[in-house]
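Look at the chain as a whole before turning to single residues. The text below starts with its parts, goes on to the place where they meet, and ends with one side chain.

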Amino acid sequence: MGVLGNYLYVMIIVLVLVSEVRSQSLKNGYYSTSCPKAESIVRSTVESHFDSDPSISPGLLRLHFHDCFVQGCDGSVLIKGKSAEQASPANGGLRGMEVIDDAKARLESECPGVVSCADILALAARDAVDLSSGPSWKVPTGRKDGRISLASEASNLPSPLDSVAVQKQKFEAKGLDTHDLVTLLGAHTIGQTDCLFFRYRLYNFTVTGNSDPTISPSFLTQLKTLCPPNGDGSKRVALDIGSPSKFDTSFFKNLRDGNAILESDQRLWSDSETNDVVKKYASTIRSLFGFRFDNEFGKAMVKMSSIDVKTDVDGEVRKVCSKIN
């Protein structure tokens, strides 16, 4: 193998071990003694915002996802600044920061300096799904907040233009497999996107100006009505037109039927490996035998929310989520 090969091998093993140690620092009920009301405070805060605007749920879910994929699940996406993650084009349209800030203010009043912003994000994402008729799951807590937030590091976030191969690569880099990829993208069962991000599929997908052939004809007509060629690119369209505010398996049935909004989502149907997972979630019969999306989604979220968590050594508990102490 050689000296360099041995060195690289050892470094990979060290990185894996460090990652495992960090994820093992998380546990259910981490705040049971230090801040017993922590989870109920986050829940009531999310519920209050949800009652006035249910569309906040996909916003909180996306916020947690974007946090974990850059610097790990450390609340770095919440930090404000000209060169911070929020300034990246990939983080355009992020929502839900005010919910996290409200929860943090209440928690600081209840138990100052105890609950991290990173944990609030993870708990809020779970509660947002639950409030949208989706599953609930136990969220291991104990994350610390990171001190670094750079827009340049957000450029590698998953994109609606990514091929399945690129999507797999980006997820694998975070320790997530193909099953996790398809499961987590099922979050698109709620939420919206701008016409700008998929209109090219309707009018100029090919050099001759034709539409994306993977879109079903009836759905194509519907989308062209919603997003005319010279219309407002910022117009919002539900990612799951069938049941836009309900967390269910309708998204996967859309992929099967050629009714996905984003190209990256529809491509999951054309890849044999991802297609297998999509079929299982889209099938009513299979779900009756235990391969249930709601169960699998909770497992995938726990796995994702353990990515590169910070400990006392390289993190802190911020007093205000938008800036380091």
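The chain is divided by the domain assignment into domain 1, residues 37-156, and domain 2, residues 164-304. The model is a predicted one. Between the C-alpha centres of the two domains, domain 1 and domain 2, the distance is 23 Å. Domain 1 brings 18 residues to the contact, and domain 2 brings 16 residues.

Next comes the interface itself. About 1,500 Å² is buried between domain 1 and domain 2, and 79% of this area lies on carbon and sulfur atoms. Polar contact is found for 2 residue pairs between domain 1 and domain 2.

Now take the side of domain 1 that touches domain 2. Helix 3 (56-68) and helix 5 (117-131) each give at least two residues to this side. Helix 3 has the largest share of it, with 6 residues. Sorted by class, this side of domain 1 holds 11 nonpolar, 6 polar and 1 charged residues.

Helix 5 also contains Leu131. Is Leu131 buried or exposed? Leu131 counts as buried because its relative accessible area is 17%, and buried means under 20%. Leaving aside residues up to four places away in sequence, Leu131 touches Arg43, Val46, Glu47 and Phe50. Of these, Glu47 is 84 residues from Leu131 in sequence, yet the C-alpha atoms of Leu131 and Glu47 are 7.4 Å apart in space.

Technical notes:
Residues are numbered from 1 along each chain as its sequence is written. This is a predicted model: local features need pLDDT of at least 70, side-chain atom pairs count only at pLDDT 80 or more; totals for chains, interfaces and linings use all residues. Side-chain values use heavy atoms; hydrogens and water are left out. Domain bounds come from an automatic or database domain assignment. Contact means heavy atoms within 4.5 Å. Buried area is the accessible area (1.4 Å probe) that two parts lose on being put together, summed over both. A polar contact is a pair of N or O atoms within 3.5 Å; within protein, one must be able to donate a hydrogen and the other to accept it, and residues adjacent in sequence count only if both atoms are side-chain atoms. Helices (H or I, at least four residues) and strands (E, at least two) are DSSP runs, numbered from the N terminus. Ala, Val, Leu, Ile, Met, Phe, Trp, Tyr, Cys and Pro count as nonpolar, Asp, Glu, Lys and Arg as charged, and the others, Gly among them, as polar. Buried means under 20% relative accessible area, exposed over 50%, partly exposed in between (1.4 Å probe, protein chains only).
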